[in-house]
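The following exercises are to be worked with the sequence and the model at hand. Each task is followed by a solution in steps.

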Amino acid sequence: MAAHNTILSILLVVSLVFLLVSTSVYADNECTSKLSVEVECDECTEWGQCVQGSVPVEDWLTFALKTQRELQIDFTFDQFIMLDSHNSFQARAYGLRYGANDTCVWPPPYPENCTSIGNHEFTILDQLNMGIRGIEMDVWWCYNAFRLCHLGTHEYLGDCEADHMLYSDVIDDIGAWLNQPENQNEIIRIYLNEKQDQQHDAEMNSIIQAAFGSRVLTPADLSGTYGGHWPTIKQMREDGKNVILAAGGTDGFFTHGDVYIHPLYFDADLRTNLFTSYPECSGRNNSNIVRVYSDSLQFPLVTSGYYKGEDTVGSIKNLSEYVQCRIQYPTMDMINPELLRTGVFTWAEGQPEGELAYDSCVMLSGVDHRWYAASDCATIRRYSCQNDVDPEDWRMSDMTGPYTTTESVCPDGYTFSIPHNGYRQQKLIESSTDNDVWLNFSPWLPAAPTSMPLTTSGSGQATLCFDLLLVTSAASWFSSRLL
């Protein structure tokens, strides 16, 4: 018995030592993967990528991208523009199954013989923190559960195995993120790519229910509550509907009984190497939805040659052209803060330089075509005017004056307004001929203490006071930021 106890004691000590050593090694890991090194996260995996949730995101970038989403609050969901992530789950930070030991260094073109099976460096949680609102996942039923595995024609990536991540775990992460106070008004779209009918409907629907509950805008909601028409972002928020799931696959739409999942609704789907920039925009207009996707993968095939994602599909290395074309889902690989910065068309770097108040005034600069909170609202400038019938028609006012929201400053048929997306901004820039122009940001400012919330009535414009979460974010940012 004594010998038995001695052996148990030795095993316990060895286990504790191993735990302490392994924990210490994990804590001391340094980032070695290029994108993780560049973002300067504090904690890294044993393979050198940022640990989930550790990617720093600049407050200005968070605020600017949130502004661009808030400008669309009166857009219906089928016109709502969001930054999207291609094969979101296939991220190196998730481990070896997802490319942790990749040798290709972003961006392409890659060396001929390097391997990249990861579409991303950072986890879905970090992608959400950076401003991504469209998540895409390949879901497979294997080893008695739905798991995330990039399967299909890519032989080198292998079959779905028991050590691939559980779909339920990642969905739970998204649900927990959405439940955080600062994220509760965000709209998330999840695209499930199932390449065949895998059945197991009850399991799929229970996972969605557990993570999101009543937050999902269901097919029944769409047909019943909204009469078959997509609601506005404002309506979705008022009704507590923050999540939309869509499904598509090689052989059809697999919606698991139509309980939570809609059939895919993209009207067009382009590879980046087929995309035409502004003003052609690949035929993009207000009546179709365009997803333009990229692919960062490169790996040897089992049978022959190499698969090269950039040669086959293309890669998004700069978002500015997609923003100008109001592409609804610019669907990126290797998402990182520097890439997302190229998608900002609103605030200039470091702007606004103080807390926004009900009497703040905002201008579009004629020099860099970015937004600034003006230091003097009495400066004489022209005004940005939007056509009351055609929201894509913009012009500068003939009248000049100080900033005002109480006087009629635009010609007949036009209203003092603000561009709600990058395409409308481009139209205003062309009209402004490099002059500074006042923008009507008043609907998104805190209301004066003794007044009603400011509203506008022009086509496509906001009809409520600025989202309180954004105002709160601004106040928090400016109170903590060294100016």
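A cavity is a set of grid points where a 1.4 Å probe fits but cannot get out, and its lining residues have an atom within 4 Å of a point. The model examined here is predicted.

**Exercise 1. The largest cavity**

Task: Describe the largest cavity by its volume and its lining.

Solution. 
- Step 1. Rolling a probe the size of a water molecule over the atoms shows where empty space is left.
- Step 2. The volume of the largest cavity is about 220 Å³.
- Step 3. Its lining consists of 19 residues, and those nearest the centre are Q68, Q72, I81, L83 and F345.
- Step 4. The largest share, three residues, is that of helix 3.

**Exercise 2. The faces of helix 6**

Task: Determine which residues of helix 6 are buried, and where they lie around the axis of the helix.

Solution. 
- Step 1. Helix 6 covers residues 201–212, 12 residues in total, and spans 17 Å from its first C-alpha to its last, close to the expected 16 Å.
- Step 2. With buried taken as under 20% relative accessible area, the buried residues of helix 6 are M204, N205, I207, I208, A211 and F212.
- Step 3. Viewed down the axis of helix 6, these buried residues fall within an arc of 155 degrees, so they line one face of the helix.
- Step 4. A202 and A210 are exposed on the other side of helix 6.
- Step 5. The cover over the buried residues of helix 6 includes strand 2 (134–142), strand 3 (145–148), helix 5 (167–179), strand 4 (188–193), strand 5 (243–248) and strand 6 (261–263).
- Step 6. Just after helix 6 comes G213, which takes a positive phi of about 55 degrees.

**Exercise 3. The setting of G48**

Task: State whether G48 is buried or exposed, and identify which residues G48 touches beyond four places away in sequence.

Solution. 
- Step 1. G48 is located in the loop between helix 2 (34–39) and helix 3.
- Step 2. The relative accessible area of G48 is 1%. The cut-off for buried is under 20%, so G48 is buried.
- Step 3. Leaving aside residues up to four places away in sequence, G48 touches E30, C31, T32, S33 and S36.
- Step 4. For K34, the separation from G48 is 14 residues in sequence and 8.9 Å in space, C-alpha to C-alpha.

Notes
Residues are numbered from 1 along each chain as its sequence is written. This is a predicted model: local features need pLDDT of at least 70, side-chain atom pairs count only at pLDDT 80 or more; totals for chains, interfaces and linings use all residues. Side-chain values use heavy atoms; hydrogens and water are left out. On a 1 Å grid over the protein atoms alone, a cavity is a set of points where a 1.4 Å probe fits but cannot get out, and a pocket is an open set with protein on both sides within 12 Å along at least five of seven lines; lining residues have an atom within 4 Å of a point. Grid points are joined across faces, edges and corners, and a volume is the space filled by probe spheres set on the points. Helices (H or I, at least four residues) and strands (E, at least two) are DSSP runs, numbered from the N terminus. The expected span of a helix is 1.5 Å times one less than its number of residues. Buried means under 20% relative accessible area, exposed over 50%, partly exposed in between (1.4 Å probe, protein chains only). The arc is that of the directions from the helix axis to the C-beta atoms. Contact means heavy atoms within 4.5 Å.
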